[in-house]
Amino acid sequence: MMSGAEKVVCVTGASGYIASWLVKLLLQRGYTVKATVRDPNDPKKTDHLLALDGAKERLKLFKANLLEEGSFDSVVDDCVGVFHTASPVFLAASDPQAELIDPAVKGTLNVLKSCSKFSSIKRIIVTSSIGAIMCSRKPLTPDVILDETWFSDPVTCEESKLWYMLSKTLAEEAAWKFAKENGIDMITMNPGLVIGPLLQSTTTFSVDTILNLINGSYSSYDGSYRFVDIRDVANAHIQVFETPSASGRYCLVGRVTSHSETLKILRELFPALFPTQK
């Protein structure tokens, strides 16, 4: 579709795990990046971005609020593409509607509404989740193949109190409806559990998951993990933006491992973290 030279794109939630790597790779490709963060004056959220190669010349930070309609207008203006990654990522919530669902659904719609006002925007990439695909009443037996045609069932998510999955499911559902009604070229990326190097100084949900595996918090879990490398996820976002024929949804999973297999790999890689294991 286009190369990075002289092209301006927007990345929402730029201080996040996926977004930080996305900003890094976009700058490497020569893009000018208009990045939104909740507080541009918070060094914990911005220092790692400002230190990236090319940031001084081609990275601009903006304050934006997911729940404020029109908050993204000035940011997406003049952009050729928008990468919407901003959305809360955690499992437990005392008020799921306010903490997870509203920021995900209303935030996504507010970004899309802003994008619909500017003809310069050629494509929007929305970061969804494998959680918007795999939560259904169908049993995930070994012979079942998950693909992009699957959509999580909101009722099942709610009954199981899977609030993060519900937020991503409802957000993607609302996004597709708005995109189709307004003729927007939109693609959703649905990654599994994202792992790999951190650019920011704060931990992430994925890191916390690994730490919980190590300290035994998930000892009763007997399911599987759908891992994908953060660098592959960021690269995939850019590839679908730059490839004219790309469309629809894309599952991003590098490897599926059982709980026991994941622990075995961790013990082999980091034996010092398992002093009681022989």
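Colleague: Which residues line the largest cavity?

Modeller: A cavity is a set of points on a 1 Å grid over the protein atoms alone where a 1.4 Å probe fits but cannot get out, and lining residues have an atom within 4 Å of a point. In this predicted model, the largest cavity is lined by His84, Thr85, Ala86, Ser87, Ala104, Thr108, Val126, Thr127, Ser128, Lys168, Ala171 and Glu172. Helix H5 (96-115), strand S5 (123-127) and helix H8 (163-181) each give two or more of these residues. H8 gives the most, with three. Helices (H or I, at least four residues) and strands (E, at least two) are DSSP runs, numbered from the N terminus.

Colleague: What volume does the largest cavity have?

Modeller: About 80 Å³, where a volume is the space filled by probe spheres set on the points, which are joined across faces, edges and corners.

Colleague: By class, what is in that lining?

Modeller: Ala, Val, Leu, Ile, Met, Phe, Trp, Tyr, Cys and Pro count as nonpolar, Asp, Glu, Lys and Arg as charged, and the others, Gly among them, as polar. The lining of the largest cavity has four nonpolar, six polar and two charged residues.

Colleague: Which residues lie nearest the centre of the second largest pocket?

Modeller: A pocket is an open set with protein on both sides within 12 Å along at least five of seven lines. Ile195, Ile210, Phe227, Leu266 and Leu269 lie nearest the centre of the second largest pocket, among 19 lining residues. Its lining has 13 nonpolar, five polar and one charged residues.

Colleague: What applies to the numbering and the values?

Modeller: Residues are numbered from 1 along each chain as its sequence is written, and side-chain values use heavy atoms, with hydrogens and water left out. Local features need pLDDT of at least 70 and side-chain atom pairs count only at pLDDT 80 or more, while totals for chains, interfaces and linings use all residues.
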